Amino acid sequence: MKRLPLTAALAAALLCHAAHAQSPPPANAPWIADLGDGRYRNPVLHADYADPDAIRVGDRFYMTASSFSNTPGLPLLESPDLVNWTLVGHALPALTPAANFATPQYGKGVWAPCLRYHNGRFYIFYPDPDSGIYVIEAEQFRGPWSAPRLLLAGRGLIDPAPLWDDDGQAYLLHAWAFSRAGKNNVITLRRMDAGATRMLDEKGRDIINGADYPGYHTVEGPKIYKANGYYYVFAPAGGVEQGWQAVFRSRTLAGPYEVRNVMDQGDTPVNGPHQGAWVDAPDGSNWFLHFQDKGAYGRVTHLQPMQWKDGWPLIGQAGRKPGTGEPLITHAKPVQGKPLATPPTSDDFSAAQLGLQWQWGANARPEWYSLSARPGTLRLYTQAVEDADDYVRASPAILTQKAPASRFLATTRIKLDQARDGDRAGLIVNGMQYAWLGLRRKDKVNQLVMTVCGPFGPRCKEQSTVVLADAPHELTLRAHMNEGAFVNFSYSVDGLTFKPASGPFPVTRGTWVGAQVGLFSIGKQAGSWLDVEHFDLTAPGSGPY
């Protein structure tokens, strides 16, 4: 695997990083992968950074992930050791075409991306399964990133992966989405120019067909590398929840390719371990980042050691099948002595911008919120969304973040001002089956209501229960996520003493994403707003809740 040079521009970016280093995570952070004794635990990111891809440039690691219809999209994460990750921004401020994503388009948008560094520039290739494969680039990882350019148009084109070969020729691999293209289980090779500005052929060549390999189905998500005199295509197979990590290899790019299952669940609790990135550490050791689908928690990121045997990688620990690894839960860190870091979760809204963890359900509009109308407070202006009258998920202005652990506590203080009949605002755990606790204005009275939406499906049906018939316009709301994705809600008038608002509710995943936790304010007309004093997302502690 080729080491990448540290350019002057990148060195400047790293100095900038050092000058603006993130504070260490608080002791009550929901999940810290670094065990503090030279080891780490998996997942290294217990959050929905789905379809991760990562590279090393110099002595630093970089990662991005799919973001679907959330904006900003394409999260940018940095790490000095593959364990302690810092969220430093997003590469995609808005989805394109903009008009298509003015309203929620659950499950669409940015699917599995590929991150690369070539000739002193960072590239992200990402697919929109309804329009084609886009590419963006930047001189520095934190940006600014170029506007997306459509490199290859077509429905059902997914999971792009470029290769710049030793002879200067450039190629693009991609997979297919059956829902759009009517086929899958195939990896196609295309030629492109070295600047990734245009394709050089009219039709690609299918170089891997899962049907040619006994037991293989749903081969997708390819990442291509050149090493040891071979072309290696790392590709997941078998489906998201129960699949395995395959590696195809050939002496020639066009094939034929032989295949090996290099990691599967084996005797471990880690289902479907696959799809990610091979990276090497500065000491020459090899590592593999992959995801595990955890249902309502999304696709969480694991880190495995990787070794080479007879020209094949083996990922994790040796399993019961020769040549096939199994995931490790704990292991020595790739690089020792680096500080603890985690993506942010809590926000006191004292900064000029929202915390980097926040995303919207569609292309954001500046009039949705303000951090300056009442300094130190997030103001969410009520959005009139007719389709959201009985289905909050229809609002594009839900502000959410990823579930950061299997157990956590979300606590927020809200105040509904200038309320009008029909207003609804509060704390939501959002999935295809969701729940929220908040204030509802009805007959000129504020009610505290608990609303659940089920059953699981593209459009569930809301049912509301009045918790307080005459509620104050200011309350503290809390959601306690339990192991197994059951959530309990509670409330407090004084911010100290909490009363239960619901029994455990089974939250589900969203569309290709995990459940998300956040805030909303909707109504039949504009004019009111929800002020949020703080949003604390922490480890749950001892309770009770």
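The model is predicted, so local features need pLDDT of at least 70 and side-chain atom pairs count only at pLDDT 80 or more, while totals for chains, interfaces and linings use all residues. Residues are numbered from 1 along each chain as its sequence is written, and side-chain values use heavy atoms, without hydrogens and water.

The chain holds 2 helices and 40 strands (DSSP runs, H or I of at least four residues for helices and E of at least two for strands). Its radius of gyration is 23 Å, close to the 24 Å that the globule rule gives for 545 residues, so the chain is as compact as a globular protein of that length. The radius is taken over C-alpha atoms, and the rule is 2.2 Å times the number of residues to the power 0.38. The C-alpha trace spans about 75 × 50 × 50 Å along its principal axes. Of the 545 residues, 61% count as buried (under 20% relative accessible area, 1.4 Å probe, protein chains only). Cys114 counts as buried because its relative accessibility is 0%.

A search of the whole structure finds 1 disulfide (a pair of cysteine sulfur atoms within 2.5 Å). Cys453 and Cys460 form a disulfide, with sulfur atoms 2.1 Å apart. The link of Cys453 and Cys460 is right-handed, with 110 degrees about the S-S bond. Both Cys453 and Cys460 are buried.

Methods
Buried < 20%, exposed > 50% of the residue type's maximum accessible area, 1.4 Å probe, protein only.
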